[in-house]
Amino acid sequence: MEAISHAGTVLGVLAKDGVVLAAEKKVTGKLLDLSSAKEGGYGGSGEKIYLLNSNVIGGVAGLTADANSLVNYARSAAQQHLLQYNEDIPVELLAQRLCDMKQGYTQFGGLRPFGVSLLYAGYDPHYNFQLYHSDPSGNYSGWKATCIGANNGTAQSLLKQEYKDGIEVKEAVGLVLRTMGKTMDSTSLSSEKLEFAVLTLDPTTKQPRAKIYRPAEIDALLEREGLAKKEDEGVPGA
Amino acid sequence: METSFAITGKGYLIMAADTTAARRARQAQQPSAPRKATLTDRTGDTVQFAEYVERNIRLYQIRNLYALRPSAAASWIRRALATSLRSRKPYSVNLLLGGYDTATHDPHLYWIDYLGTMSEVPFAAHGYGAYFALSLLDRYHDPEATLEEGLATLRRCLDEVAKRLVVSPGKYKVKIVDKDGIREVDL
């Protein structure tokens, strides 16, 4: 719990036609090699936001090493469901699978629980778009907008003030970025400190489409939303 | 010889199985949420296997608060049969699985045999009756048909089987699956 309240903030907002996730990256610096985030992979730096399954994006806060192991578990749980039922795993079921495991580590002495909170942004035909949060004890709950990590209290109350029922992805993106800007320690948002992902439905195939933004795309998005760094230096990677 | 048919239509699905006592045809059902009627034939395994499927689908529903969708249930059943095929004593069960998907509001029908072959189809039949009825269904099946038209098509199949099949079954049990659940009808 302690580790989580120091971890980078992860913010999720549920909209009518999608779910938006944003996360603050803590491991940064001039000397860090970020080339892997710019090309290759599926987007994202692999620090905060992961693709858990084709219909679920996960955002993590806490001990990174523990998170990696949970992400691995989540991915294989999702694939096992696919193998057995030939359908994408329902979002709540995936959250349940992880929570079952997390809960197990609170039962016995000798082993340390996973120091990780997760946000799950997902889609399934049962309840359409969903946003779940799970904590290290193995509790989980569904949310319209929520936040984990450092300053989650501030972000939560900001979200409570600004959230409106039935908003669309476009507004949700703005809401997430604005809240993120106010919660983060640094003064201005940029791709260096931000991870961003959106889950929507593909208009033609009606299948969920998870998009984890690349650094250049994040900067372009910030530019569009009018939240980019003021003047000076050009957009990195552009 | 035991025979079973199933036809999908606009927002409904009809299933018919003969009631030959010697080799029991069996209809299993899940009365709540996404409804499905499974219908199996051939040998005494049917009872065992239908019960096994029924209980497992019910267990999933209890654990997860929502029922398996028809497509997921069909995949699960196919896998169970495929696993069983390579065991010491495989289930020798052919089945038609029909269900109404409450998430997408349309009926689904799956044709599955004891070898673990599965395919989603608009109409299907198992048993000797299939040889006579499939051509009729090919000609008369209409995915947009009303329930009355669907029952008429089914009746045509049953009549044809009665006329041409030497060992034709006498009576059929007919069930309808739609948004209101599963119900039995008299032809």
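Buried area is the accessible area (1.4 Å probe) that two parts lose on being put together, summed over both. The model is predicted: local features need pLDDT of at least 70, side-chain atom pairs count only at pLDDT 80 or more, and totals for chains, interfaces and linings use all residues. Residues are numbered from 1 along each chain as its sequence is written, chains are lettered from A in the order in which they are written, and side-chain values use heavy atoms, without hydrogens and water.

**Exercise 1.** State how much area chain B and chain A bury between them.

*Solution.* Start with the area: about 1200 Å² is buried between chain B and chain A, 56% of it on carbon and sulfur atoms. Then take the residues in contact (heavy atoms within 4.5 Å): chain B gives 13 residues and chain A gives 13 residues.

**Exercise 2.** Find the salt bridge between the chains, then describe the chain B side.

*Solution.* A salt bridge puts a side-chain nitrogen of Lys or Arg within 4 Å of a carboxyl oxygen of Asp or Glu. The count between chain B and chain A is 1. A:Glu87 pairs with B:Arg69, with the closest N and O atoms 4.0 Å apart. On the side of chain B that touches chain A, α1 (45-64) and α2 (70-85) of chain B each supply at least two residues; helices are DSSP runs (H or I, at least four residues). With 5 residues, α2(B) gives the most to that side.

**Exercise 3.** Which residue is the bridge partner of A:Val10 in β8(A)?

*Solution.* Strands are DSSP runs (E, at least two residues), and two of them pair if DSSP finds at least two bridges between them. Strand β1 (residues 10-15) of chain A pairs with β8(A) in the antiparallel sense over 4 bridges. A:Val10 has A:Ile148 as its bridge partner.
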